[in-house]
Amino acid sequence: MIRFALALPLVFGLSFCDSDQQPTASDHTSPNGMPYRLIQMPGNEYAAIIAAWPHDWIWAEGRNPATSYIGAQLILAGGAEGYPAGEVVERFADMDANGELPVTADHLYGMLAAKKGDWPEAIAIANAHLARPSFDPDWFARIRTGFAQNMAEAQSQPTQQGFDALRWAIIGDHPLRAMLSLDDAEAFANLSLEDLRAWHSATVTAQPEAVVITGDITPEQAGAGLDALLAGLPEGESQMRAIVLDYHPRQILLHLPDSEDAHLTFIAPLPATRLGGDLEDLILATALGGGEDSVLFASVRDGLRASYSFNAGLGNYTRENRFLFMTGALEAAKLADAVDVVRDAYAGFRDKGPDGDIKDRVAPLRESFEQTRNYVMNQGHMELETTLDAFATGHSLTMLEMLNSLPATDLRNRLQGHWPEAQDFVIMAVSPDADALPGACVITRPEDAKDC
Amino acid sequence: MTRFRTWLTVGAIGFTGLALLAYQTSVSINAIAFHITPTDTTGRAEVILRIARPFDPDEQVGLAHYAEHLAWYSAIGEDARGPDRHSGAWTSHRAVFYSLSGKPEDLPQLTATLARVFDPITLEARFAEEEREIIQREYQAMFANDISRRADEALSAVLHEGTLLASSVIGTPAQIHALDYDAARVWHRATHRPENAVFIFRGDVGRLQIWRALIGLRLERGHSDPVTFHYQMGPEITHLVDFPDDSAAPRMIWRRVVVLDAPIQFDLLEARLDHLRAMLDTNLPGGLAGPLRFDARIAREFRIDLYPIDAQHIELRFHASPDTGTSLPELRAAFEATLADIAASGIPAPTYQRVMARMDRYWPDWGDHDKTRRWMADYTTDRVLALREPQSKRVLQEIPPQITRESLNTLLAALPQSGRTAIAFIAPQEFLE
């Protein structure tokens, strides 16, 4: 459920509906035997299928780290048997439909939404792309080149290099790091269509780990739609993998002489969302560093006068490896002071908890959850994440109620029981001054961080 | 008779008192313009204060933005923010904005706090100097590592030369360094006046509640003319500039302003341009995607924007990345030739009909009160923020039948005309040679 933070701002223009009837959740199995969760949303004119396939491709040695990103893009854009590239995009626009294939370290997600009346056709198109993608060489070259150029530009940014160094420090030489950083230009040059075909047949299978269907549709329609989506896909063998990360507290300084500003990041682990507490984490992270009324804004902008903004957030490298981060760009001369100020601000926050009435803290989230109930894709995505975390059916629909009854003591308990202590963070600084952070392990290339 | 005279006197005094009260109330309320855009965000109210920027070609670049930072800190400060209060401030080419949101019952306090931006800035000089450095950090975060944004700033300076839209809002690091606290205070004093300001009340708000908040402000309206937006396109020009960067993904930003033969009501013009843009952005006959992306390997991706500057000037912006083997000059030539071909033949009827069917969600369902209310709230806010007068629902409902194929093709025909064109090629040096 870390992905709530990502899912909530995604207000899909399509799939909106106002209805007085509340959505309900239930478990079903398709005629072909595929289990799925159905959230019936009365009155909604759209329907959606959201699936998650286990994605362990990168764990094996020798796999190209760019494969899954380019493979997913090629499936979406490059056409499929019976559907030349360029035609589907117009048909989807006619249907006000939307299809996406986001990739994470653990899963390949498939997301499809369309007007209820067009749903069967949208599913047929999606099935063709999943089961029989064209893998056209010209489109492959185009997407690969675009990715390589965009990543090269991103890698040149000091902030990006700081995050790369963090991944070297925490993940080390594991292939997962290369997939998350995409910092090897050779990976793009070496990628072949054969790599994509192998990834596709191993990943896009008839056995997604979880499926959620949303909309004003019956279980019969939903089950038939799911079987149609997965028709012709191969049997799968993917599984979830575990990785041990190195979060031992240390300070690292990446010396980039040409960088104008300094960049500072604190990072420390948090429990996985399957263990609960993610609502509390969202509220706490917002209070800590979510805007101009946050603790970090008051400390680093109002107090130290070092930064335009300094933020806190939640992220993860894998589903099991979740983290809290605090980050921002700073005046280079104030870097060392900023480390102390941020650490003190965090320590105070962890000790006392957020100021004010908890009702004010939950109000923005409540509004987002209320809105989510009108959108088939957003509601489906939330339910899918709770499904992957093995929560009860319809857990996403109870969020509003949980929010309304959340006591302030839960926030303090969460902070003091599960959030890292101030000295537990890995601190990564990027600075034009090699001596800006006394005692730090100073490096000049991101990859050297693995030895710090 | 005596009793009647007494009652008459009392009545007259009472009536006069009521009239005076009503007058005083209306003076207080009318001392500042305001718009009410209620939405269904229960328990939350937001107040936005817009201060129009008068156009002064000699105004120091970045000064308004610096003054906005200082006025926000001076007026709203840390004590006015908190768990139940959210605040922000920002500057555009046309205006400076301050916002504060909180509980509906706090609306008078929210409004009064925001109105403190009319008071002189009282920050310590050291704090103001530091804020200039904060703006340097803002520049580094927003512009320094974003070559497209920097290119767009350079293109705007050429494209909109001599107008309010030409100069950068934030400035360059050197221009930020040259900002001066006293100059910012002078600019603030000259511009932050009730007659230049408009309040926008959003969220869970009611008219009586707003009147009460406005009466409490006791603002006095000055007598200067209201600031209006005026745009006059310069002479025709084509300006090409290279932006070499060793790491940049090659791309082109192509922008053109053209003047129409006659003005068109702004909302109608915007709606027509949005529909035309949707047609140009397709792989259908009359669209750009076929010739540039699907039928040929010229642009691996592109984005097209088309919007009105005012009732008679429109801007086309085309941002594209070339396919492997296509140079930026070839991309430019192909785009210009394709645009000219499409404009010459016009949007075909089948494409027009097919895309028009997709645009049914462009307007709200006018029969649905709640949806219409939400839509009108956002529309009104958008217009007021841009210094434009929002139109009534009735006027807007008359627009769709006027989005004819002929009207779109007339606009399309104007695009290849030689208006004022500015183009940026962004790429590693060797790609530009």
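## A stretch of chain B to start with

Helices here are DSSP runs of H or I with at least four residues, strands are runs of E with at least two, and both are numbered from the N terminus. The UniProt record, an unreviewed entry, labels this span "domain: Peptidase M16 N-terminal". UniProt positions follow the numbering used here, the feature names are shortened, and annotations may be inferred rather than shown by experiment.

## What kind of model this is

This is a predicted model: local features need pLDDT of at least 70, side-chain atom pairs count only at pLDDT 80 or more, and totals for chains, interfaces and linings use all residues. Residues count from 1 along each chain as its sequence is written, while chains are lettered from A and ligands numbered from 1 in the order in which they are written.

The scores are ipTM 0.90 and pTM 0.91. For chain B, the mean pLDDT (the predictor's confidence in each residue, from 0 to 100) is 91, with 93% of residues at 70 or more.

## Chain A: two domains

Chain A splits into domain 1 (4–230) and domain 2 (251–451), with bounds that come from an automatic or database domain assignment. Taken over C-alpha atoms, their centres are 27 Å apart. Domain 1 of chain A puts 47 residues into the contact and domain 2 of chain A puts in 41; two residues count as touching if their C-beta atoms, placed from the backbone, lie within 7 Å.

On the domain 1 side, the elements giving two or more residues include β3 (46–54), β5 (107–115) and α6 of chain A. The largest share, eleven residues, comes from α6(A). By type, this side has 31 nonpolar, nine polar and seven charged residues. The nonpolar set is Ala, Val, Leu, Ile, Met, Phe, Trp, Tyr, Cys and Pro; Asp, Glu, Lys and Arg are charged; the others, Gly among them, are polar.

Chain A has an open, six-stranded sheet in the order β9-β10-β8-β11-β7-β12, with mixed pairing; strands pair if DSSP finds at least two bridges between them. Its edge strands are β9 (311–316) and β12 (441–443) of chain A, and the twist averages 20 degrees from one strand to the next. Strand β7 (251–255) of chain A runs parallel to β12(A) over three bridges, and A:Leu253 stands opposite A:Val442.

Helix α6 (158–171) of chain A packs on this sheet, touching β7, β8, β11 and β12 of chain A, and its direction makes about 145 degrees with that of β11(A). Axes are lines fitted to C-alpha atoms, for helices over the stretch in contact, and angles run from 0 to 180 degrees between N-to-C directions.

## Chain B: three domains

Chain B is divided into domain 1 (1–27), domain 2 (31–215) and domain 3 (237–432). The centres of domains 2 and 3 of chain B are 29 Å apart, and each of these two domains gives 21 residues to their contact. On the domain 2 side, α5(B) gives the most, with eight residues. That side comes out as twelve nonpolar, four polar and five charged.

## Where the chains meet

The contact between the chains takes 41 residues from chain A and 39 from chain B. On the chain A side, α3, α5, α12 and α14 of chain A each give two or more residues, and α5(A) has the largest share, with nine. The residues of this side divide into ten nonpolar, eleven polar and 20 charged.
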